[in-house]
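Dear colleague,

I am handing over the structure below, and after it you will find what came out of going through it. Please read the notes with the coordinates open beside them.

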Amino acid sequence: MLLVAAFAVTAGGVTALGVNALVKGMDSLLPDARRISTFNRPGTVTILSADGEVLQKLGPATREKVASGQMPELVKEAFIAAEDRRFYQHNGIDPTGIARAMLRNLRQGSVEEGASTITQQLARTVFLSQDRTLIRKLKEAALAGKLERQLSKQQILEQYLNYVYLGSSAYGVADAAWIYFSKTPDQLTLPEAAMIAGLPPAPSVYSPLVNPELALQRRSVVLERMAQAGFIDAGELADARATPLELKPALPKYWNSRAPFFTGWVAQELPKVLSAEQLEVGGLTIRSSLNQAWQEEGQKVIDASAYGGLEGALVTVEPGTGLVRAMVGGKDFNRSQFNRATQALRSPGSTFKLFVYLAALKAGMKPEDTVVDAKRCFAGYCPKNFSDRYLGRVSLATALQNSLNTVAVSLLQQVGFDKVIATAQSLGITRELGRFYPMALGAYEQTVLDMTTAYAAVINRGVFVPATPFEEINGPNGELLWSRRVDGDKGRRAVNSDIADAMVWMLERVVSGGTGGAASLAGRPVAGKTGTSEGARDLWFIGGIPQLTTGIWLGYDNNRKTGSDSGSAAAAWGRYMAVVVKDLPVKQFAPKPVLTGTFKPTRAARSTFQQGRPSDLPTPGEDRRRPEPSQTPPPSERGSDLPPLPDLPTLPPPSRPPQERQPSPEPLPTPEPAPAPVAPSFPVAPPPVAPPPPVAPPPVP
């Protein structure tokens with residue numbers, strides 16, 4: 001008998017070891033249950049601000065979770081009674097429940113009760129599909145056992161209640177409480193909790209927003225089961241049954257974006273950094289560059305500055321990283337989804353002079369070199385200054401400070417079209433530019449984003465970094481798919497640092513004593529440039545401090561005259577930046593460098609010099625430094641940057657709203673595009689870009 005007992009013990013031990021080994025072997029083939037804490041549904045896209053606040057959730061998203069230990073007991077009891085009465089007794093699979101469900105279904109002649117436990121449902125939701133196959137059921141049972149071994153009952157129940165689909169785009173109890181009753185889970189009453197607990201078997205059928213009568217019937221079933229389980233008494237059952245639905249529907253939280261123009265741009269940029277396969281799988285969490293507080297301030301400033309029917313746009317870029325910290329594309333996204341920061345093509349006016357002066361500095365000129373500001377024509381094109389006033393001989397720095405148009409066009413002639421165009425292209429200007437003199441005054445349209453990014457590169461001491469909305473992108477299981485620090489564009493040198501520093505010094509003078517005075521910030525250096533198109537149809541100010549560059553545009557969508565001037569854009573910039581910079585340390589721009597280059601005008605400029613116009617141009621290599629006449633600069637450009645011109649060339653891009661700028665003898669209208677859906681869809685591929693048409697010259701007045 002001792003031998004038999006010893007044998008039995010040994011056999012039992014061997015069997016136990018074998019079963020344990022088998023279980024461990026199977027577990028190794030199954031997913032780790034602890035991944036549930038980072039679960040993202042396929043197809044879901046969550047966009048976060050730079051500090052981790054949710055901006056928007058798209059797709060089958062669990063928009064809000066109940067924190068561990070905070071799930072109300074009433075909600076837990078309702079779901080246990082409705083879905084898994086023996087939840088605390090079984091180990092993932094409930095044979096008793098299976099037998100009971102089979103017997104009930106046979107009696108009724110239809111499927112009246114399911115046999116899947118809460119643990120099985122959680123395993124199916126997170127790790128498996130909804131396919132009704134034997135293989136899937138076997139995997140589900142195995143995963144349920146592993147969940148029970150790796151997680152506590154409390155963890156399993158809380159995760160299930162956070163992820164279960166409850167109809168009407170509600171994923172989890174928190175979503176359902178908000179969507180159906182505009183409440184948080186801890187505010188739910190007994191009949192409300194019972195109604196929500198009755199949804200999992202057929203969410204679209206039992207939804208009270210779809211079938212209120214069926215929802216009431218299903219609620220009664222759940223209440224009866226709660227009474228049978230001892231969770232409520234007869235009086236509570238009767239009172240709950242007699243309570244009407246009392247719905248108070250609400251949109252899912254984070255359905256609407258907190259920064260819709262910005263998140264719409266995120267949708268367009270996403271295919272540039274992720275593959276088509278990654279976009280299709282979804283489950284993405286995007287930590288964006290947006291500073292939500294700055295974004296809200298920018299929207300306030302645009303709303304206040306674009307009075308009446310005026311519209312506006314604002315972009316703030318971090319020069320050293322290209323991160324877009326704020327983007328406002330208009331006053332009201334619900335009224336018009338057209339993003340005027342990234343899609344609207346507008347004449348940049350004198351802000352385009354940045355490229356002309358940079359090209360002149362690169363060619364060997366210096367801020368102190370003098371030129372003549374006087375009436376003259378260039379191949380039949382005759383630019384004018386504001387009030388038809390001319391300052392005579394002035395330095396380049398003073399010419400920019402006062403936004404003198406004749407000097408800008410003269411510099412374009414001396415430096416040459418190709419060098420100016422190459423400078424603009426090196427700073428991210430991709431639209432084709434024609435070799436015509438009105439280009440110097442902003443005749444060729446650009447976007448606010450592109451122009452602001454170009455200025456940011458100059459403030460970044462000549463290093464161009466493309467604008468981006470992304471910091472990091474994580475996949476469905478929390479894995480890092482893309483990081484700006486690892487995968488992002490590190491930038492490239494577009495302008496020599498000394499040239500860029502000299503340009504910034506000149507732009508500082510525009511603010512400290514020129515047309516951009518309204519943009520000055522107390523105790524801080526500011527460098528920037530105003531811009532006004534013909535008829536004051538476009539009002540600009542683009543400028544920055546060492547840490548940030550911001551561009552602002554104001555105008556009408558239909559291209560009407562504004563009746564204002566670029567000083568209003570500069571003032572809006574000043575109001576916005578005064579708030580934004582409060583928590584930023586004061587930094588100084590690099591000191592003005594000593595440039596030593598030698599300038600040689602183009603052949604066209606030399607020809608003009610040889611034909612009897614020596615006062616207009618310095619001879620090659622000559623540095624005419626004379627005391628400048630004492631002139632009071634105009635307080636603002638007041639629509640003076642671009643002299644009266646016929647309509648500028650029509651170069652419609654794919655993003656321009658339909659029928660924009662139709663031929664007309666009057667200023668050309670820009671009708672608003674047809675409204676798009678409020679929430680951008682993912683994945684979104686950028687539209688195919690057709691080859692640009694040949695660039696035509698602006699007609700000569």
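**Salt bridges and a helix pair**

K183 is partly exposed, with 22% relative accessible area, and its side chain meets that of E192 in a salt bridge with an N to O distance of 3.0 Å. E192, by contrast, is buried, at a relative accessible area of 6%. Please keep in mind throughout that this is a predicted model.

E192 also takes part in a helix contact, in which A176, A177, Y180 and F181 of α7 meet E192, M195 and I196 of α8. By class, that contact has 6 nonpolar residues, 1 charged residue and no polar ones. As for the geometry, helix α7 spans residues 173-181 and helix α8 spans residues 190-197, and the two pack at an angle of about 115°, with their axes 11 Å apart. Since angles of 65 to 115 degrees count as roughly perpendicular, α7 and α8 are therefore described as roughly perpendicular to each other. The crossing of these two helices, α7 and α8, is right-handed.

A second salt bridge that I looked at joins the side chains of E318 and R325, with 3.1 Å from N to O. E318 counts as partly exposed at 21% relative accessibility, and because the cut-off for buried is under 20%, its value of 21% places E318 in the partly exposed class. R325, on the other hand, is buried, with a relative accessible area of 13%.

Which parts does the pair of K375 and D388 tie together? The side chains of these two residues, K375 and D388, meet in a salt bridge at 3.0 Å, N to O. Both K375 and D388 lie in the loop between β6 (370-373) and β7 (392-395), so the pair ties together parts that are 13 residues apart in sequence. With regard to accessibility, K375 counts as exposed at 55%, whereas D388 is partly exposed, with a relative accessible area of 36%.

Methods
Residues numbered from 1 in each chain as written. Predicted model: local features only at pLDDT ≥ 70, side-chain atom pairs only at ≥ 80, totals over all residues. Heavy atoms only, no water. Axes fitted to C-alpha atoms, helices over the stretch in contact; angles between N-to-C directions. Helix = DSSP H or I, 4+ residues; strand = E, 2+ residues; numbered from the N terminus. Parallel < 35°, antiparallel > 145°, perpendicular 65-115°, else oblique. Left-handed = near helix turned anticlockwise from the far one by under 90°. Contact = heavy atoms within 4.5 Å. Nonpolar A, V, L, I, M, F, W, Y, C, P; charged D, E, K, R; others polar. Salt bridge = Lys/Arg side-chain N within 4 Å of Asp/Glu carboxyl O. Buried < 20%, exposed > 50% of the residue type's maximum accessible area, 1.4 Å probe, protein only.
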